[in-house]
Amino acid sequence: MNIKVSVIIPIYNTAIYIERCAKSLLNQTLGDELELIFVDDGSTDDSVFILRNILQEFPERINQVKIIQHNTNKGSGAARTTGIAAATGEFVGIVDSDDYIDHEMFENLYSKAIQENADVVVSDIIFKYKDHSFVVTEYLNPDDELIFEDVLINERTHTFSCNKLVRRELYLRDECQIPNGLNFLEDRHVMTRIFFYAKKIVKDENAYYHYTQYRPNSITKNKHKMHFENVLLFWKLMDSFLSENHLIENYKNIVDKGKLQNKCDLMIDTNSCKLRKEYASMFLKEEKQYIAEMKRGERIMLFLVRNRLFMLAQLFHNLLKLKNKRF
């Protein structure tokens, strides 16, 4: 069977969500040409047991499903890498196991890719909270020359992998691999490079992907040492990539502002005074140049950290968390 779409689903302790996710995949309108690759990244709960039971309800899909297990937890980046290496489809999609998708997602995205001979198809994304949801629109610049700039900025053209269908050969490029240890900003690392190398990127104007925002143990919540180290690694690799492609001067302002924004986010989101102290000196040159462009709350946090007022910074963090905004 010629596989059109391989879907990679990393799993790590998502027992309460896996049934919803798996059924949304197993009920896809794309038929025998769909391949589902679940990568269990060392789960310690019943996620895989539940998944195997659900598969019994879909005997017609059994031969289209692979379950790969890591003996230990290696991180989301490694799980995706394992899945992509096992994929045989012409295109690849990625779905997190605490999210779910509309049944027609992959049939529609694949049809769009074939009709327009595209390497990447993007779509809108639905952010799901406990009591409400909203659609995040994925902007695709009509000027092809500006698409890479937009994805590098990562504000109106986003670097989520979950709402995109990508030609597999792009994921297999050495430059588009997730580096070992990069489990934060891994989507951004990969997607900036995929957008750079893709010959044609198009948009399906629908929203199919339901992105869960209420999982308490999500990696995107409180920031830890790993997040700080991953931010430093991400921008080191980005600088190298742009330099190797003679683009560093073209995008220097965008990159420097991105570094400072990441520093602001880390300093505000971490609960640790120790981490603020340890990483207070990161991106100081960029901070000096672009601090005036930050939001007022971000400027205050940077001022407190820069002047080593770490207890006040923690109190300010608590205030921002209480108000749930950054002014």
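Just after helix α8, His246 takes a positive phi of about 55 degrees. The model is predicted.

**Helix α8**
- Helix α8 comprises the 20 residues 225-244, which at 1.5 Å a residue should span 28 Å; the end C-alpha atoms lie 29 Å apart, in agreement.
- Buried in α8 are His227, Phe228, Asn230, Val231, Phe234, Trp235, Met238, Phe241 and Leu242.
- Exposed residues Lys236 and Glu244 are carried on the face of α8 turned away from its buried side.

**Helices α5 and α7**
- The axes of α5 (residues 144-153) and α7 (residues 186-197) are 9 Å apart, and the helices pack at an angle of about 175 degrees.
- Because angles over 145 degrees count as roughly antiparallel, α5 is roughly antiparallel to α7.
- From α5, Ile147, Phe148, Val151, Leu152 and Ile153 meet Arg188, Thr192, Phe195 and Phe196 of α7.
- This contact of α5 with α7 has seven nonpolar residues, one polar and one charged.

**Helices α9 and α12**
- Helix α9 (residues 252-269) and helix α12 (residues 296-306) have axes that come within 10 Å and cross at roughly 80 degrees.
- Leu260, Gln261, Lys263, Cys264, Asp265, Met267 and Ile268 of α9 make the contact with Gly297, Glu298, Met301, Leu302 and Val305 of α12.
- By class, the contact of α9 with α12 comprises seven nonpolar, two polar and three charged residues.

Definitions and conventions. Residues numbered from 1 in each chain as written. Predicted model: local features only at pLDDT ≥ 70, side-chain atom pairs only at ≥ 80, totals over all residues. Heavy atoms only, no water. Axes fitted to C-alpha atoms, helices over the stretch in contact; angles between N-to-C directions. Helix = DSSP H or I, 4+ residues; strand = E, 2+ residues; numbered from the N terminus. Contact = heavy atoms within 4.5 Å. Nonpolar A, V, L, I, M, F, W, Y, C, P; charged D, E, K, R; others polar. Parallel < 35°, antiparallel > 145°, perpendicular 65-115°, else oblique. Expected span 1.5 Å × (residues − 1). Buried < 20%, exposed > 50% of the residue type's maximum accessible area, 1.4 Å probe, protein only.
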